[in-house]
Amino acid sequence: MKYYHQYINHPWKKILFWGLLLVIVGFLLFIIGGLIGYSISSDQSAFNFLNPASWNHVFSFIR
């Protein structure tokens, strides 16, 4: 059985692999945390977290 490190033998490939993995896991944790937090803090559906109108409302506070 071949392990992943046999395919990723150059330093730049390791950095790229772990960097992409970190970005993907971070994005998934952001989405999951947002869905959980939005469902707990509001009376609406958790999937309204993904609604663009919700994000426009959030960004209106920043502007």
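I began with Phe 49, which counts as buried at 10% relative accessibility. I use buried for under 20% relative accessible area, exposed for over 50% and partly exposed for what lies in between, with a 1.4 Å probe and protein chains only.

Before going on, I noted that this is a predicted model, where local features need pLDDT of at least 70, side-chain atom pairs count only at pLDDT 80 or more, and totals for chains, interfaces and linings use all residues. Residues are numbered from 1 along each chain as its sequence is written, and side-chain values use heavy atoms, with hydrogens and water left out.

**Entry: overall build**

I looked up the secondary structure and found three helices and zero strands. From the N terminus on, the order of elements is α-α-α. Helices (H or I, at least four residues) and strands (E, at least two) are DSSP runs, numbered from the N terminus. The protein has 63 residues, and 13% of them are buried. I noted an accessible surface of about 5700 Å², with 72% of it belonging to carbon and sulfur atoms. These areas come from the Shrake-Rupley method with a 1.4 Å probe, and for residues only the protein chains shown count as cover.

**Entry: residues 15-40**

I checked the record next: UniProt, in an unreviewed entry, places the feature "transmembrane region" at residues 15-40. Its positions are given in the numbering used here, feature names are shortened, and annotations may be inferred rather than shown by experiment. In the model, this stretch is 100% helix and 0% strand. The C-alpha atoms at its ends are 37 Å apart.

I then looked up a nonpolar surface patch of about 990 Å², whose members include Trp 12, Leu 16, Phe 27 and Ile 40. Patch residues have over 30% relative accessible area and no salt bridge; like charges are joined within 9 Å and nonpolar side chains (Val, Leu, Ile, Met, Phe, Trp, Tyr) within 5 Å. A salt bridge is a side-chain nitrogen of Lys or Arg within 4 Å of a carboxyl oxygen of Asp or Glu. Trp 12 sits in helix 2 (residues 11-41) and is exposed, at 55% relative accessibility.

**Entry: aromatic rings**

Rings of Phe, Tyr and Trp (its six-membered ring) pair if their centres lie within 6.5 Å; planes under 30 degrees apart are stacked, over 60 edge-to-face and the rest tilted. I have five aromatic pairs by this rule. Phe 17 and Trp 18 form an edge-to-face pair, because their ring centres are 5.1 Å apart and their planes stand at 75 degrees. Phe 17 is partly exposed at 32%, and Trp 18 is partly exposed at 45%.

Phe 49 and Trp 55 also pair edge-to-face, with centres 5.3 Å apart and planes at 65 degrees. Trp 55 is partly exposed, with a relative accessible area of 26%. I noted that ring pairs link Phe 30, Phe 49, Trp 55 and Phe 59 into a cluster.

I found Leu 50 in the loop between helix 2 and helix 3. Leu 50 is partly exposed, at 44% relative accessibility. Beyond neighbours within four places in sequence, Leu 50 is in contact (heavy atoms within 4.5 Å) with Ile 31, Leu 35 and Trp 55. Leu 50 and Leu 35 are 15 residues apart along the chain, and their C-alpha atoms are separated by 8.1 Å.

Ser 54 lies in helix 3 (residues 52-62). I have Ser 54 as buried, because its relative accessible area is 17%. With neighbours within four places in sequence left aside, Ser 54 is in contact with Tyr 38 and Asn 48.
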